[in-house]
Amino acid sequence: MPASNSRPVAIVTGAARGVGAAAARKFAALGYTVAVLDVNEAVGEALAIALREQGAEAFYHLCDVADA
């Protein structure tokens with residue numbers, strides 16, 4: 001899902017759980033398009049879906065920031 005040009009974008013790494021998930025939810029509540037990045041595909045995608053169901057623009061990408 002491409003981001004619209006009218007919303008700021010938040011890229012949240014480690015977004016599937018804990019502080020990352022809380023940050024993703026907060027950014028979504030503030031009207032940001034949220035890129036949910038994490039190594040846990042099932043939980044990351046579930047978060048992106050939940051954010052979209054709440055009216056946010058959000059998508060998941062597999063990302064391991066420890067892998068150069």
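1. Arg17 sits in the loop between β1 and α1. Here helices (H or I, at least four residues) and strands (E, at least two) are DSSP runs, numbered from the N terminus. At 55% relative accessibility, Arg17 counts as exposed. The classes are: buried, under 20% relative accessible area; exposed, over 50%; partly exposed, in between (1.4 Å probe, protein chains only).

2. A word on the source. This is a predicted model: local features need pLDDT of at least 70, side-chain atom pairs count only at pLDDT 80 or more, and totals for chains, interfaces and linings use all residues. Residues are numbered from 1 along each chain as its sequence is written, and side-chain values use heavy atoms, with hydrogens and water left out.

3. What does Arg17 contact, leaving aside its neighbours within four places in sequence? The partners are Asn40 and Val43. Contact means heavy atoms within 4.5 Å. Ser6 is 11 residues from Arg17 along the chain, and their C-alpha atoms are separated by 28 Å.

4. Now the overall layout. The chain has two helices and three strands. From the N terminus on, the order is β-α-β-α-β. The radius of gyration is 11 Å, close to the 11 Å that the globule rule gives for 68 residues, so the chain is as compact as a globular protein of that length. That radius is taken over C-alpha atoms, and the rule is 2.2 Å times the number of residues to the power 0.38. Along its principal axes, the C-alpha trace spans about 30 × 20 × 20 Å.

5. Next, burial and contacts. Of the 68 residues, 34% count as buried. Among contacts with a separation of 6 or more, 49% join residues 24 or more positions apart.

6. The largest nonpolar core has 14 residues. Such a core is a set of buried Ala, Val, Leu, Ile, Met, Phe, Trp, Tyr and Cys residues joined through side-chain atoms within 4.5 Å. β1 (9–13), α1 (18–29), β2 (33–38), α2 (41–53) and β3 (57–62) each supply at least two residues of this core. Residues with the most contacts inside the core include Val12, Ala24 and Val34. In soluble globular proteins, nonpolar side chains tend to be buried together.

7. Ala24 is worth a look. Not counting residues up to four places away in sequence, Ala24 touches Val12, Val34, Leu47 and Leu51.

8. Is Val34 buried or exposed? At 0% relative accessibility, Val34 counts as buried. Val34 lies in strand β2. Beyond its neighbours within four places in sequence, its contacts include Ala10, Phe27, Glu57 and Phe59. Ala10 is 24 residues from Val34 along the chain, yet their C-alpha atoms are separated by 5.0 Å.

9. Ala46 belongs to helix α2. At 44% relative accessibility, Ala46 counts as partly exposed. The C-alpha atoms of Ala46 and Phe59, 13 residues apart along the chain, are separated by 9.8 Å.

10. Last, the charges. The chain has 5 positive and 7 negative side chains. Lys and Arg count as positive and Asp and Glu as negative; His and the chain ends are not counted. The centres of the two sets lie 12 Å apart, with each charge placed at NZ of Lys, CZ of Arg, CG of Asp or CD of Glu.
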